[in-house]
Amino acid sequence: MLTDIITSDEPALRDRPLAEACAGLSREQLLAEASALDSFRRTSGNLYQRVRALFFLHAIHRYHLSGETSENDGHIPFEGYRHLLARRFPEAIDFFLASQREQGSGDAISSALAAAYHQLAFQTLADQVRKSVRTVRGNQWMFRMGHPAEHPLRIRRELLAHDGHNYPILLERTPVRMDLTHSAWSDIFFLGMDFPEGAKVINVSIDLAIHGSGKIPAPPVSAYLRVIDRPVLRLTSIDLKATAEIDALADVFDFAKDHLGLLKAAVIASGLIPPGIEGSGKPLSEILAMLVGPGRGLELVSSVNHIPKGSRLAVSTNLLAALISACMRATGQAASLTGELAENERRLVLARAILGEWIGGSGGGWQDSGGVWPGIKLIEGSFAAEGDPEQGVSRGRLMPTHHVFGENEIPAAARKALQDSLVLVHGGMAQNVGPILEMVTEKYLTRASAEWAGRGEALSLLDKILTALRSSDVRALGKLTTENFRGPLQTIIPWATNLYTETLIARAEEEFGGDFWGFWMLGGMSGGGMGFIFDPSRKAEAQARMLAIMSETKTLLRNALPFAMEPVVYDFSINPHGTFATLLNGAEAALPPDYYQLHLAPLLRAEPGDLSPAQRAELSRFASLSRSNPDFRASLSNLLETLVPSGGGSSPQSGALAELLEKWGFDPEQHEAIRRDLLADRIGLARNRLPAITEITDVLPEDYTDLTRTPPSVETIDLGKAALAEGSVAVVSLAAGAGSRWTQGAGVCKALNPYAKLGGKHRTFIETHLAKSRQRGAEAGATIPHVFTTSYLTDGPTREFLESHGNYGYPGPLHLSPGRAVGLRMIPTERDLRFAWEEMPQQALDEQQQKMRDSLRTALIGWARGAGEAGDYIDNLPLQCLHPIGHFYELPNLLLNGTLARLLTERPGLKTLMLHNIDTLGADVDPALLGHHLASGAALTFEVIPRRLEDRGGGLARVNGRPRLLEGLSMPREEDEFHLSFYNSMTTWIDIDRFLALLKLDRTSILAGETAAIAAAIRALAARMPTYLTLKDVKKRWGNGQEDVFPVTQFEKLWGDLTLLPDIETAYVVVDRLRGQQLKDPAQLDAWFRDGSADHIAKLCGWGARG
Amino acid sequence: MKIHKAVITAAGPDQRQLPLQSIVSATGESKTAIELLLDEIFEAGIRNAALIVAPGQTEAFRAAVGSHLPQIEFIEQAEPLGYGHAVLCAKDFTGDEAFLLLVGDHLYLSNRDRSCVRQLLETATREKCSVSAVQATREGKLPYYGAVSGKNIPGSRDLYQIENILEKPTPTVAEQELITPGLRQGHYLCFFGMHVLTATTMRLLEDALESSGKSLPLTPSLAAAARSERHLAFEIAGQRYNIGEAYGLLRAQLAMALAGPQRDEILTMLVELMATSR
């Protein structure tokens, strides 16, 4: 029984891989095991046993019960789905299980169960961490305090000793941390709490400076705290250039309202404004009066010294810790007002930082506050003991223990050697590590065999790395960190590396040979913060060269991978103090120059008579500092510049945007018409829907051919093979989009993204599609013309990329079909935002994250109103302001831009096109499907796949009795989609002549290039197609690697809607999931490898001589 | 152990006038606060008391102690150097004897038939050691009091062996260092303003005086004494009224009045006040 694995105390059984235990079990046996596990997880009192059972259940449904053909594909009950969205996972599971009992097990219901078990498992773990954080001693009282009169904290007297209006400033300076080994992400809370003996990191506190800035390394994180003469909380983030005076309690808990969420989290987690008082409706001034005295308030200022976001050095966690530490010192919660913290105080700051991260809806690893401690330390998990809140719940404690190595353990020489050899960089990539941490947790709990062995190997490497450090052998250290990266880390998470990192390593090896001692991945994945270890005699040279190499490589890959910033190289030194505070008094009590940039400009513009005495004092302090301090002198001239308005004229960006619009066929008349319709509520998200009386039902067996159950005949396959051999078929891959989900709106070309290693190398989507065409062509003894459609966003980069890669050596004709129409994004209407966020069912988030999201959405609605609803969206890079107007236009573009004419000239016998999405990696010119299409005589044959939970956005339906593809956007009711058995894969076989006939065109007119007639025909066809309004997330980058995401409105016409036209004959064919599924999100990659999808694709590909 | 002496401190910069305020006792007599306090200690068996007052305040206090004057020794604290220093001023007065220590700006009302002072004295006499009166107090009041933690003495509901003493701790520290099993969450044993101390405390205060700066607090010496000899915390059945805090005198007066025979009259007065006030 699988439950025995979970409950066993014997490591041999407890650590048995689930996959091995499930191998050889029949479907019935698996279902029986699933049933037993489900009963077990309902009754077990042990958290981790429950969670393991949930992950087992997820894996059984996702990997062992899926893919099996069952008699009944079944439907997913919508009610269960609604529970899933609302995070009522146990209820969702009950619905899905009831449905499984009624209609039998099947792929669809297993996909729903897998998702529900998976989410419940993570929810259970997150709940436990939250509970543990709240029950840590020292944190508990903050959740009980509900009235200002009960506030038990008082500001220390030293901070109230003012001279006139100048109060002393408490300055907390904190190093950041780098980890020499995280022992395979063992710093994830969940792992540490279940496997404390395996949770170990070597963590180094470091000071930083940007190499070349002329500055010497210093603690990069600073927090300033002082009393002010106003009953407000004044928060300022110098790096984000954000400041606010908060006078209402509710605003302290509104994290996404501005860019001050981290400071607010610190104010709350440090107990200044304890979490228990949220929602009490009490005036903030009353709380501040208890804390600081009547009429007074507090000012908190943060600075990270321009260290970019995503550095993998835990900058934000250490900033949070610095802010918390300052607040705790100021209120006597730490006995040390200045200097280093005592060990028990550091632990308290750690507990509060964990709490702060939870409150702020983010989550770091448990080693991230490492900068609070000095030097080099071993951080490890510890077993829960009597009296711990974790006792009886989990094996380990929430909080790790820290052992700071003395010089008798790691000598000064070793520390110096590390500093002399390591080139610390930020590669510039911005990635979301969240999915990786989930994958690690799941693999750990299901004891995936290779990964479990990798975890053991990583642990043994930690010991070896320590030995190398102790003996000052940095060369050996470099070898070991490389071994860690190449071995266990990539065994557990192949996505820890990427083409950019691999290129950098290869070039470092190439240029420095034996003097390049090793690579070191910092944090969750590579591409951002990284270390390259060199022979010390060449470090200076290596710093210069690595910067150049990163810059060149980034230029090469800038359109393929998401970069947030220019790469940088750091100078660093090991910090011997950990977090350290100083009390600045009198003339020394100054905030950093950039603070005054933000705060003094409005004062200088004000009437002198309107200034308060405190403001006058501030101005006079700045004036005096400007005379004596060179940093302030430079700041003074910048400040004066901000006071003088710069010359008028349009920005270079607006010129570039106008050029782009002109070049890519923007239609201003249509744009204005859409704006008018949008403002008049004639179009909008709600208007995308068909009328409520529309009858939507599932298709009947006569509406489609199911090739998964009735394979095509030999004759049909031969028909396809013959067509391939004759060269009468071409492939059209849609590569105009940016793949918003793939890089969360970063605006890179998805087609060029080296998404995974296949056949031993990172492959782009384009290369994969060409490799399939190459293989099918070779099998048929012919070449297959291949077209990639492009857009304003992807055309240039794709051309450049294919050229630099020699078209990947593709033997057949290869064309790009540039788009011929573009839209300009608009600021959304409040109505549409509210419809999307309030009326459409959507996934609720974990409590604090949901609060963050709600707050952010309120802010975004405010932005839309303020910026002007339905106004042009132009406040971003020009390319981010444009939008493609839907994949309906992709095929018509082939006619307009001459690509079809070229194809027909090259291949007069060309008869069929296979059109598919860039992310449908399984789509290839399968002779069986081609033969089926040809034999059916249909003008358009659409491929559909049996629906799983994740297949949302439409499907094959009978609409008022007629089969057609129905877009999710136009479903009158959400639940309609759940009655549909098949999902549209978008892959379409097109009879060229009959498609032309639909447009009332023929080959002659195409070959003659009758552009006007072609354009008129396309316009006429487009007019018959519905227009959808959609919201898309677009990223706006600013500062040092910062990103904001804005929802923007755009419109589109969709390819599948051709099926609603009565005058074109369409057919539908059900294909295998491996062929029709789409890879839309990097978080899918892991499952894609595990469930055999990647192997399937690799078999379809012929990489050619270059591959 | 017999306890015959008491030390009452009234020299703090913000408490000098407080013991001189008039208040109507539970029995309806108008007395100064200090006289009421003295009534309670002498009724409980104390024979002599030392009043620590600020320079120049002796006469005012002489006039305020009523009939107890012969039993009182007045000691002026030359400089306001902290609570511990004020107590140390009575060193010669207490000699080698154990003594009762009270603050002059508090009044006490017992929930039992015996007064708060009597409860404490009986306990100390029985246990033959230092005893500090404590009361379970919500964490929101921690900024005002010293607090202790300890283990309940087996067989006794209200006695604790003191393990740790901290002056005005934050709840952050209290949660980690002042856990007393059996108390409700968020409650700590805080000083009631009433102790029976042995001569050891005086000796430790004297030792501490040398290293102290401008101020000599009492709590560190109490903590040191608790480490060197048996020191219990006694959870007293009664209420304390700090007449120095806002409306403190009013609260103390109301409490006194409600505890006496005029209870109904006072309640009626309060209702009338509520009905007629805006």
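Predicted model: local features only at pLDDT ≥ 70, side-chain atom pairs only at ≥ 80, totals over all residues.
Helices here are DSSP runs of H or I with at least four residues, numbered from the N terminus. Helix α31 of chain A, residues 847-867, has 21 residues. From its first C-alpha to its last it reaches 30 Å, close to the 30 Å expected at 1.5 Å a residue. Next after α31(A) comes G868(A), whose phi is positive, near 100 degrees.

The view can now widen to the whole of chain A. Its secondary structure comes to 41 helices and 32 strands. Along the principal axes, the C-alpha trace of chain A spans about 90 × 75 × 65 Å.

Chain A is divided into four parts: domain 1 (2-135), domain 2 (148-166 + 221-303 + 315-362), domain 3 (594-642) and domain 4 (679-824 + 883-1033 + 1063-1100). Taken over C-alpha atoms, the centres of domain 1 and domain 2 of chain A are separated by 43 Å.

Helix packing is the next topic. Two packed helices are described by the angle between their axes and the distance between the axes. In chain A, the axes of helix α26 (residues 714-726) and helix α35 (residues 927-936) come within 7 Å and cross at roughly 100 degrees. Angles of 65 to 115 degrees count as roughly perpendicular, and α26(A) and α35(A) are therefore roughly perpendicular to each other. On the α26(A) side, the residues that meet α35(A) are T716(A), I717(A), D718(A), L719(A), G720(A), K721(A), A723(A) and L724(A). Their counterparts in α35(A) are P927(A), A928(A), L929(A), L930(A), G931(A), H932(A), L934(A) and A935(A). By class, this contact has 10 nonpolar, 4 polar and 2 charged residues.

Chain B has 10 helices and 13 strands. The radius of gyration of chain B is 19 Å, close to the 19 Å that the globule rule gives for 278 residues, so chain B too is as compact as a globular protein of its length. The C-alpha trace of chain B spans about 55 × 45 × 35 Å along its principal axes.

What remains is the place where the chains meet. Here 12 residues of chain B are in contact with 17 residues of chain A. Helix α6 of chain B, residues 171-177, supplies the largest share of the chain B side, 5 residues. That side has 4 nonpolar, 5 polar and 3 charged residues.

Technical notes. Residues numbered from 1 in each chain as written. Chains lettered and ligands numbered in written order. Axes fitted to C-alpha atoms, helices over the stretch in contact; angles between N-to-C directions. Helix = DSSP H or I, 4+ residues; strand = E, 2+ residues; numbered from the N terminus. Parallel < 35°, antiparallel > 145°, perpendicular 65-115°, else oblique. Contact = placed C-beta atoms within 7 Å. Nonpolar A, V, L, I, M, F, W, Y, C, P; charged D, E, K, R; others polar. Domains from an automatic or database assignment. Expected span 1.5 Å × (residues − 1). Rg over C-alpha atoms; globule rule 2.2 N^0.38 Å.
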